[in-house]
There are 2 protein chains.
Amino acid sequence: MPEFTVKVYVRRKEGVLDPEGNTIAGAIASIGYKGISSVRTGKIFIIRLEAPSADSARKDMEKVADKLLSNPIIEDYTVTVEQV
Amino acid sequence: MPEFTVKVYVRRKEGVLDPEGNTIAGAIASIGYKGISSVRTGKIFIIRLEAPSADSARKDMEKVADKLLSNPIIEDYTVTVEQV
């Protein structure tokens with residue numbers, strides 16, 4: 001079966017507070033970089049898998065993103081698929 | 001000054017163990033998705049800032065990625081810049 005690399009990007013929805021991002025924004029300013037208006041944080045999951053097709057890999061990993069990798073109440077995700 | 005969105009992707013270098021990724025790979029298999037060969041985890045930082053140019057935003061945020069956002073011993077980062 002062909003092998004794919006699926007990348008799942010998970011980030012907080014617009015409007016959801018990001019205290020880690022705010023702390024980092026303060027830290028960046030404190031080492032001398034001005035002009036930062038916001039920092040938002042997120043996660044990446046890079047999944048290598050065998051699947052019958054890119055479409056099937058995407059559908060399966062979208063379900064995984066929804067069930068395991070994100071909290072759909074406060075987070076959005078995007079999924080990209082590349083054949084290896 | 002123009003405003004930019006800088007995205008910093010931080011991930012473990014090849015060969016560095018990723019216990020969180022291994023746990024997730026096991027969890028994905030346990031809910032019925034077979035064929036996973038590996039899961040690697042990483043972080044994204046989405047930084048909004050004002051800067052004189054895209055080049056200056058990139059250079060500054062590369063230094064920030066190196067000093068604050070990553071551990072260069074075990075992690076690699078990539079930086080992308082888009083004008084808002």
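Reader: Rings of Phe, Tyr and Trp pair if their centres lie within 6.5 Å; how many aromatic pairs does that rule give over all chains?

Author: This is a predicted model, and side-chain atom pairs count in it only at pLDDT 80 or more. With the rule applied over all chains, the count of aromatic pairs comes to one.

Reader: Which residues form that aromatic pair, and is it stacked or edge-to-face?

Author: A pair of aromatic rings is described by the distance of the centres and the angle of the planes. For A:Y9 and B:Y9 the centres are 6.0 Å apart and the planes stand at 75 degrees. Planes over 60 degrees apart count as edge-to-face, so the pair of A:Y9 and B:Y9 is edge-to-face.

Reader: What area do chain A and chain B bury between them?

Author: The contact draws 33 residues from chain A and 33 residues from chain B. Of the area buried between the two chains, 65% is on carbon and sulfur atoms. In chain A, the residues that lose the most area to chain B are A:Y33, A:I44 and A:I46, together 22% of what that side buries. The area buried between chain A and chain B is about 2700 Å².

Reader: Which element gives the most to the side of chain A that touches chain B?

Author: At least two residues of that side are supplied by each of β1 (3-12), α1 (19-30), β2 (36-50) and α2 (54-69) of chain A. The element that gives the most, with 15 residues, is β2(A).

Reader: How many bridges join β2(A) to strand β2 of chain B?

Author: The two strands run antiparallel, and in this pairing A:F45 stands opposite B:T41 in β2(B). The number of bridges joining β2(A) to strand β2 (residues 36-50) of chain B is 13.

Reader: How many salt bridges are there between chain A and chain B?

Author: Over all chains the count of salt bridges comes to eight. One of them is formed by the side chains of A:D55 and A:K59, at 3.5 Å from N to O, and these two residues are separated by about one helical turn because they are four residues apart in helix α2 of chain A. Between chain A and chain B there are twelve residue pairs in polar contact, whereas the count of salt bridges between them is zero.

Technical notes:
Residues are numbered from 1 along each chain as its sequence is written. Chains are lettered from A and ligands numbered from 1 in the order in which they are written. This is a predicted model: local features need pLDDT of at least 70, side-chain atom pairs count only at pLDDT 80 or more; totals for chains, interfaces and linings use all residues. Side-chain values use heavy atoms; hydrogens and water are left out. Contact means heavy atoms within 4.5 Å. Buried area is the accessible area (1.4 Å probe) that two parts lose on being put together, summed over both. A salt bridge is a side-chain nitrogen of Lys or Arg within 4 Å of a carboxyl oxygen of Asp or Glu. A polar contact is a pair of N or O atoms within 3.5 Å; within protein, one must be able to donate a hydrogen and the other to accept it, and residues adjacent in sequence count only if both atoms are side-chain atoms. Two strands pair if DSSP finds at least two bridges between them. Rings of Phe, Tyr and Trp (its six-membered ring) pair if their centres lie within 6.5 Å; planes under 30 degrees apart count as stacked, over 60 as edge-to-face and the rest as tilted.
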